[in-house]
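Have a look at the model first, then read on.

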Amino acid sequence: MAQEMAPTATADCDVLMRLFLNADGLTPAVRQLMIEGLPHAIRVNNGKPHVLQSRFITIVADMLREMSRDTDQKLGAHKTQLELLEKHVEEGTAANDAAMKAMEDATRQTQELATQLKEREEATQLTQLEHEQALREKALVDERQAELEMSKADATSTLDGPFQLLVEGQSDEPGHIKTALETIKGLLKRIGTEPALVAAAGSALGNKPAARGEFDVFTIECVKQTLEMEVSKISALIADHQAKYESVTAEQLGLWALLDHERARQAAAQASHAEMELHLATAQSLHTSTQQELTARSNAVSQKVCEHVVVDQMAKELGCAHEAVVRLAAFCY
């Protein structure tokens, strides 16, 4: 009589074959033995299995019991490991929260110090601009001071030198006389003397004292008064300028001292800011490290949960497989 597979026995066989196909821990040879042997174990004659078929079903039942024991052990181990990993996640969460708070505090302090540094930089920049302006003003005052001193020296030296030389007729050298006249006339022109007096001065001073007429004497007296007035005028300007010179110099020195003070405050703010930036970098690094550790621990929990689900599913499938092998052993279909 031809061998036939009962539909229910076939379904139970499929349950067992799927289980062995997906089960971990079986060697390839055992897996192949179970999968290839089961179809032959359920092909019976006259509704009654052969003794060898029954023994094979018994082997399958023993294999299922062994797998169930392994699965129960795995479930227990997974539960213990999962509890430990969840505790690690709690610890990692606490550490990450602390690191985040430290980073936020460092960030806030860094921003505050950055604001202070900016204020110090702006104060230093403003003081520096004021000091530079004071330096420019002092340079102008110094230049004016030097100009006045030079003008006074020029007028005084001309009055005491070439003018006196010609008035007293101390030189007979034509070259000396010419040079002295050019010096006097040049000064008179520079100070805005009337051209007529300039022209007359050359003629009057060029004559020897004995050869001078009344007009020459009058002209020389006018030139002398002009030069003396110029010296007096410049002296007055120098006296008036002295007060401004002292004021500008005092302001420049005060701003120089203030600039040094602002630079010192800026340097201190820069040092504090740099130190806090270093502290912030350390806090950020620690937070990144704790965050990565927390992620790794959370991933480990997720992985363990997935493994637990797989083992738990295997336990459920083993339950169905036990029921199937019991039916196959009894072969009451």
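Predicted model: local features only at pLDDT ≥ 70, side-chain atom pairs only at ≥ 80, totals over all residues.

Helix 4 covers residues 174–190 and helix 5 covers residues 195–206; their axes come within 10 Å and cross at roughly 155 degrees. Angles over 145 degrees count as roughly antiparallel, so helix 4 is roughly antiparallel to helix 5. As for handedness, helix 4 passes helix 5 in a right-handed crossing.

Now for another pair, helix 2 and helix 3. Their axes sit 10 Å apart, and the packing angle is about 140 degrees. That makes helix 2 oblique to helix 3. Here the crossing is left-handed. On the helix 2 side, the residues involved are Val30, Leu33, Met34, Gly37, Leu38, His40 and Ala41, and they meet Gln53, Phe56, Ile57, Ile59, Val60 and Met63 in helix 3.

Here are the two pairs in brief:

| Helix pair | Axis angle | Axis distance |
|---|---|---|
| Helix 4 and helix 5 | roughly 155 degrees | within 10 Å |
| Helix 2 and helix 3 | about 140 degrees | 10 Å |

On to the cores. The largest nonpolar core has 25 residues, and Leu16, Phe20, Leu38, Val60 and Leu64 have the most contacts inside it. Helix 1 (7–22), helix 2 (28–41), helix 3 and helix 6 (214–330) each give it two or more residues. Helix 3 supplies the largest share, seven residues. Leucine 64 touches Leu16, Leu19, Phe20, Leu318, Ala321, His322 and Val325, leaving aside its neighbours within four places in sequence. Apart from this core lies another one of 19 residues, including Ala155, Leu181, Leu188 and Val223.

So what about threonine 158: is it buried or exposed? Its relative accessibility is 2%, so threonine 158 counts as buried. This residue lies in helix 3, which runs over residues 51–167. Not counting residues up to four places away in sequence, threonine 158 touches Phe163, Thr183, Ile184 and Leu187.

Finally, a word on confidence. The chain has a mean pLDDT of 91, with 98% of its residues at 70 or more. Over residues 1–7, though, the pLDDT is below 50, and that stretch has 12 contacts in the model beyond near neighbours in sequence.

How values were computed: Residues numbered from 1 in each chain as written. Heavy atoms only, no water. Helix = DSSP H or I, 4+ residues; strand = E, 2+ residues; numbered from the N terminus. Buried < 20%, exposed > 50% of the residue type's maximum accessible area, 1.4 Å probe, protein only. Contact = heavy atoms within 4.5 Å. Core = buried A, V, L, I, M, F, W, Y, C linked by side-chain atoms within 4.5 Å. pLDDT = per-residue confidence, 0-100. Axes fitted to C-alpha atoms, helices over the stretch in contact; angles between N-to-C directions. Parallel < 35°, antiparallel > 145°, perpendicular 65-115°, else oblique. Left-handed = near helix turned anticlockwise from the far one by under 90°.
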